[in-house]
Amino acid sequence: MNIAVIGAGMAGLRAAATLHAVGFCVTVFEKSRGAGGRLATRRTELGNFNHGAQYVTALHPEFQSFLQQAEHQKSVRKWQPHLLRGEKATAGAPASALKRTNTAADIWYQGSPQMNKLITPLLDPFEIRKEHRITCIETAGPRSFILHDDLDGEFGPFDGVIVTAPAPQTAELLQPLAPRFDPIADVEMAPCWAAMIAFAKPLPTAFDAMIHPDPAISWAARNGDHRDLIHRPSPDLWVLHASPEWSRDHLEEDKERIAFLLLEKLHKASGAKLPDVVSINTHRWRYARTIKPLGKSHLSGMNGRVIAAGDWCLGARVEAAWRSGKCAAHAMIETLIG
Ligand SMILES: Cc1cc2nc3c(=O)[nH]c(=O)nc-3n(C[C@H](O)[C@H](O)[C@H](O)COP(=O)(O)OP(=O)(O)OC[C@H]3O[C@@H](n4cnc5c(N)ncnc54)[C@H](O)[C@@H]3O)c2cc1C
């Protein structure tokens with residue numbers, strides 16, 4: 001059985017690894033240069049920025065054991081930042097406002113040494129064809145499919161296809177195939193502007209992460225270990241995520257202006273005098289977080305041989321992507337070998 005998986009994020013790789021484990025021949029197509037999707041890391045000469053997902057939690061025991069195993073393999077580590085929640089998140093906040101996050105029920109993990117390493121345990125020896133943006137899925141008979149990419153490439157035939165792009169991109173690929181996929185259009189995903197800032201010196205705050213310190217900012221966090229700061233030469237690296245509302249209102253503005261506006265917001269929210277900025281970059285996530293999910297783990301059509309999956313099926317978290325990818329793979333196995 002030849003299966004194509006579109007997207008090398010958590011959902012796609014979870015699906016691919018599951019199918020590969022039962023002996024299917026799997027090819028993953030990914031439009032970017034690297035795998036991980038929104039588990040993203042930007043490498044710069046000043047250091048690495050995790051500009052997509054910030055941390056991962058596990059509710060389901062199976063995902064918990066995936067993370068524990070990944071921790072054992074050193075591709076994830078626990079993260080326990082000094083955290084401030086809400087608008088009291090200012091530099092002058094009393095120490096009593098600081099919260100250590102971790103309780104037994106709320107353990108935060110990060111990819112190690114950077115976020116995109118979280119997928120390492122899923123990288124079985126199946127083929128990942130990077131820099132191939134799939135633009136069309138063509139039916140070549142009732143049981144086989146040909147994929148086309150944006151460089152006139154043609155791939156297949158495949159016995160089954162699993163699409164794990166964000167909902168609007170999945171809808172674009174699948175709605176022409178069958179009305180069965182129409183409900184994907186009802187899924188809502190919010191954008192997010194991310195800023196990656198390198199300060200010449202440590203930002204003078206007692207915390208290394210803030211949640212919703214300002215209506216415009218949903219998250220700001222130091223990248224790298226706070227405790228390393230004494231030993232680490234500057235710069236101090238921060239990632240900032242604008243709120244969904246602010247990101248939507250400023251979605252089409254240019255990157256320089258976004259950088260300027262977000263720095264101003266960080267200054268206001270942190271209450272700290274910002275050190276000199278060595279560099280600042282921004283990234284526009286058009287489809288960052290699911291606002292309205294599909295409400296089930298995946299959606300099948302074409303006699304179960306084409307399946308839509310991704311975090312947006314179940315929620316807005318990495319665990320949702322993991323579960324959706326796994327369920328999609330099991331559904332494909334059920335269709336093809338019963
Ligand atoms: C700014 C931000 C902050 C977040 N913070 C957190 C957090 O703290 N905790 C948490 O649990 N979750 C967080 N999330 C959400 C989390 O990142 C996602 O839930 C999860 O990574 C989604 O995985 P996925 O595989 O479903 O999708 P993706 O990671 O988006 O993977 C889809 C892949 O498909 C590829 N693709 C798309 N179209 C095509 C095509 N036509 N052809 C080929 N490839 C294609 C994309 O390039 C991408 O690699 C955050 C997301 C963002 C953006």
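**Close-up views: salt bridges and aromatic pairs**

The count of salt bridges in this predicted model comes to 11, with a side-chain nitrogen of Lys or Arg within 4 Å of a carboxyl oxygen of Asp or Glu as the rule.

**View 1. Arg38 and Asp311 meet in a salt bridge.** The N to O distance between the two side chains is 2.9 Å. Arg38 sits in the loop between strand S2 (25-29) and strand S3 (42-44). Asp311 sits in the loop between strand S20 (306-308) and helix H6 (318-337). The pair therefore ties together parts that are 273 residues apart in sequence. Arg38 is partly exposed, at a relative accessible area of 23%. Asp311 is buried, at 7%.

**View 2. Asp150 forms a salt bridge with Arg133.** Their closest N and O atoms are 3.7 Å apart. Asp150 belongs to the loop between strand S11 (145-149) and strand S12 (154-158). Arg133 belongs to the loop between strand S9 (127-129) and strand S10 (134-139). These parts, tied together by the pair, are 17 residues apart in sequence. Asp150 is partly exposed, with 40% relative accessibility. Arg133 is partly exposed too, with a relative accessible area of 39%.

**View 3. Glu253 and Arg257 join through their side chains in a salt bridge.** The N to O distance is 3.2 Å. Glu253 has a relative accessible area of 24% and is partly exposed. For Arg257 the value is 43%, again partly exposed.

**View 4. A network of salt bridges links Glu252, Arg284 and Arg286.** The view takes in these three residues together.

**View 5. Asp236 makes a polar contact with Trp238.** The contact runs from side chain to side chain at 3.0 Å. Asp236 is placed in strand S17 (residues 236-242). Is Asp236 buried or exposed? Its relative accessibility is 0%, so Asp236 counts as buried.

**View 6. Tyr55 and Trp79 form a tilted ring pair.** A search of the whole structure finds 11 aromatic pairs. In this one, the ring centres are 6.4 Å apart. The planes stand at 45°, so the pair is tilted. Tyr55 lies in the loop between strand S4 (47-49) and helix H2 (61-72). Trp79 lies in the loop between strand S5 (76-78) and strand S6 (82-85). The pair links distant parts of the chain, 24 residues apart. Tyr55 is partly exposed, at 28% relative accessibility. Trp79 counts as buried, at 12%.

**View 7. Trp79 and Trp219 form an edge-to-face pair.** The distance is 6.1 Å centre to centre. The angle between the planes is 65°. Trp79 is in the loop between S5 and S6, whereas Trp219 is in strand S16 (residues 217-223). This pair links distant parts of the chain, 140 residues apart. Trp219 is buried, with a relative accessible area of 6%.

**View 8. Tyr55, Trp79, Trp108 and Trp219 form one aromatic cluster.** Trp79 takes part in the tilted pair with Tyr55. Trp79 also takes part in the edge-to-face pair with Trp219.

Terms used:
Residues are numbered from 1 along each chain as its sequence is written. This is a predicted model: local features need pLDDT of at least 70, side-chain atom pairs count only at pLDDT 80 or more; totals for chains, interfaces and linings use all residues. Side-chain values use heavy atoms; hydrogens and water are left out. Helices (H or I, at least four residues) and strands (E, at least two) are DSSP runs, numbered from the N terminus. Buried means under 20% relative accessible area, exposed over 50%, partly exposed in between (1.4 Å probe, protein chains only). A polar contact is a pair of N or O atoms within 3.5 Å; within protein, one must be able to donate a hydrogen and the other to accept it, and residues adjacent in sequence count only if both atoms are side-chain atoms. Rings of Phe, Tyr and Trp (its six-membered ring) pair if their centres lie within 6.5 Å; planes under 30 degrees apart count as stacked, over 60 as edge-to-face and the rest as tilted.
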